[in-house]
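Trainee: I'd like to take a close look at one part of this model. Could you walk me through it?

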Amino acid sequence: LGALAQSDIKKLVAYSSVSHLGFCVLGIFALNSEGITGGVMQMINHGLSTGALFLLVGMVYDRYHTRELSELGGLATRLPLLSVCMVFVCMASAGLPGLNGFVGEMLALIGMFKAKPLYSVIGATGVVLGAWYLLDMLRRGFFGPLKEPASTHGPIHDINIRELLAVGPLMVLCLWIGVNPKPWLDTIANDVRSVVKLYDQK
C-alpha cells in the first residue's frame, strides 16, 4: 500500500523492498524447511530484482533528471530496450512463474500454509498488491502517450552497452533461478535442515 501511494519511482522500488522482506520473514517464521528455504531464496531474489530495478531507475533519472511519474509517460517509445529490461525485472519482482521471485514467494507461502494457513492467505495478498503497484508504475511511466519533462539534459538515448553489462547479468540470474532453482535449493538445503532440526527438538 505504501508503494502504491508513491509518485517517485525510486521510492516505489524502495517500498517494494519492504514487501520482499515481508515474504522473507513470513517464510522464516514458518519454522519448517519449505518456509525457511523460501525465506532464504527470497533474500537472494530481492538482491537481484530490486538491485536491477534501482539500476534501471537510475538510468531513467540519468536521462531525464526526474523520477516523478507525473512527468513521465510512454517512455517505451523513446527507450524501447530499457523498457524491455524494466518490464522483465518488474515481472521478476512481482513473482511471475518462470522467474526468480516466484520460487521464493511460493515456498514461503507453502511453508507458512503448513504452519498457519490463515497467515499464508493474508500474506498472499502481498503477491496481488505487488503486481498492482509494479504494473501501475509500468503503465504510467512506460506506456501510453509519450510524455517527457519540459527540459531534458542532452540527447535522450536508449540503454547503452555499459548499462546493459551492468543490468544484464542480474536479469540472467533472475531467469536462471526461475527456470532451474534446484542448484540454489541444494546449496542451502543442509543449512536449512540444521535450523529446522533445532526447532523440531524443542
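Predicted model: local features only at pLDDT ≥ 70, side-chain atom pairs only at ≥ 80, totals over all residues.

Trainee: How many cavities of 30 Å³ or more does a search of the whole structure find?

Mentor: The search of the whole structure finds one cavity of 30 Å³ or more. The largest cavity holds about 40 Å³ of space. Its lining is made up of Ser19, His20, Phe23, Ser93, Ala94, Glu105, Gly126, Val127, Gly130, Ala131 and Tyr133. Helices α1, α4 (80-94) and α6 are the elements that each give two or more residues to this lining, and α6 gives the most, with five. Sorted by class, the lining has five nonpolar, five polar and one charged residues.

Now let's see how two of those helices are arranged. The axes of α1 (residues 9-28) and α6 (residues 117-142) come within 11 Å and cross at roughly 160 degrees. An angle over 145 degrees counts as roughly antiparallel, so α1 is roughly antiparallel to α6. The crossing of α1 past α6 is left-handed.

For the contact itself, α1 brings Ile9, Leu12, Ser16, Ser19, Phe23 and Leu26. On the α6 side, these meet Tyr119, Gly123, Gly126, Val127, Tyr133, Leu134 and Met137. By class, this contact has nine nonpolar, four polar and no charged residues.

Technical notes
Residues numbered from 1 in each chain as written. Heavy atoms only, no water. Axes fitted to C-alpha atoms, helices over the stretch in contact; angles between N-to-C directions. Helix = DSSP H or I, 4+ residues; strand = E, 2+ residues; numbered from the N terminus. Parallel < 35°, antiparallel > 145°, perpendicular 65-115°, else oblique. Left-handed = near helix turned anticlockwise from the far one by under 90°. Contact = heavy atoms within 4.5 Å. Nonpolar A, V, L, I, M, F, W, Y, C, P; charged D, E, K, R; others polar. 1 Å grid on protein atoms, 1.4 Å probe; cavity = no way out; pocket = protein on both sides within 12 Å on 5 of 7 lines; lining within 4 Å. Points joined across faces, edges and corners; volume = space filled by probe spheres on them.
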